[in-house]
Amino acid sequence: MSNSEHLANVMVQCFIDAVSNGVDLVPVVADSTSTSKIKPFVEAFPDRLVNVGIAEQVMVGTAVGLALSGKVAATCNAAPFLISRSNEQVKVDVCYNNTNVKLFGLNAGASYGPLASTHHSIDDISIMRGFGNIQIFAPACPVECKQIIEYAIQHDGPVYIRMDGKALPVLHDSEFQFTPGDPSLLREGKQVVICALGSVVHEAVAAADRLKDGGIEVSVVNVSSIRPLNRQGLANQLSGTDYVVSVEEHNVNGGLGSVVAEIMAEQGITAKLVRLGVEDGGYAAAGDRPYTRKMLSIDSGGIVAVCQQLVNETTV
């Protein structure tokens, strides 16, 4: 695997490998062949792709039918349209009936940049957390993404995987082993604990490295597994510090920030929590990613500034 990879390419290669190894997997797209980068799979297995056209409800319903016939069905389309247009089908047909469908929410967060709120997916984690029976993941790098997808394909039951829309560098070395539920510690320091989800984990790591150069030691915890989640394990990571910062390209309500707040309240962790993301009642800005993240203070510079301000509170 190269040092930087588009997660959709990782997904497609996992599909190819699975079918080559005997898995009866069928991808279903909603005229999203370009978004899903599915061409190599179609070239390898021309009779296995189902394209229902721009009809997300039909896409999910078709995937459910395939799953009920014994196949591993995988929907592949843009996260905002999967979540919004087929909400009822995901809730009832996939989750309530516990069908073996893998939902890939592509180009999540504000990946679509200038296309603005119609194309931004900043509520998908909160919506999926409200549904039962579905596991929820948000890989932060190609290595982790591959292992999550391999797990999802063999897991019997519904899975939602939140996928970023840009090529991402590798964060984990060859020894990394993804374990569903477990947060991974990428940097270690006790002055501030940063919890991050998805592609902004890279911003958090960059911020931690800059802060270390300035004499501030922070931890970075990658929370790629939202459900299942080792809540006690995450609580242990959050203990022993005065400040916790959550970072996500998602609304601060219902996503990682809410998960962290719930665990801190349940475990009696008294650190101050700052939730960075799309503010309550707001939308991501219409603009390229650097601009959007700067506006939300979820770029490395914004995270550095917040952590410095928190640490300075204890030294004044």
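**View 1. G61 within helix α3.** G61 sits in helix α3, which spans residues 56-68; helices here are DSSP runs of H or I with at least four residues, strands are E runs of at least two, and both are numbered from the N terminus. With a relative accessible area of 30%, G61 is partly exposed (buried means under 20%, exposed over 50%, partly exposed in between, using a 1.4 Å probe and protein chains only). The C-alpha atoms of G61 and Q267 are separated by 40 Å, and the two residues are 206 apart along the chain. Please keep in mind that this is a predicted model, where local features need pLDDT of at least 70, side-chain atom pairs count only at pLDDT 80 or more, and totals for chains, interfaces and linings use all residues. Residues are numbered from 1 along each chain as its sequence is written, and side-chain values use heavy atoms, leaving out hydrogens and water.

**View 2. The open five-stranded sheet.** Five strands follow the order β9-β11-β10-β13-β14 in an open sheet with mixed pairing; two strands pair if DSSP finds at least two bridges between them. β9 (184-187) and β14 (272-278) stand at the edges with a single partner strand each, so one side of each has no neighbour in the sheet. On average, neighbouring strands of this sheet are turned by 25° against each other, direction ignored. Inside the sheet, β10 (residues 192-196) and β11 (residues 218-222) pair in the parallel sense over five bridges. I194 stands opposite V220 in β11.

**View 3. Helix α9 across the sheet.** Helix α9 (residues 231-238) lies across β9, β10, β11 and β13 (243-251), and runs at about 145° to β10. Axes are lines fitted to C-alpha atoms, for helices over the stretch in contact, and angles run from 0 to 180 degrees between N-to-C directions. G233, L234, A235 and L238 are buried in α9. The buried residues of α9 pack against β10, β11, β13 and α10, where contact means heavy atoms within 4.5 Å. After α9 comes G240, with a positive phi near 80°.

**View 4. Where α9 meets α10.** The axes of α9 and helix α10 (residues 256-267) come within 10 Å and cross at roughly 85°. That makes α9 roughly perpendicular to α10 (the class for angles of 65 to 115 degrees). From α9, R231, Q232, L234, A235 and L238 meet V260, E262, I263, M264, E266 and Q267 in α10.

Notes. Angles under 35 degrees count as roughly parallel, over 145 as roughly antiparallel, 65 to 115 as roughly perpendicular and the rest as oblique.
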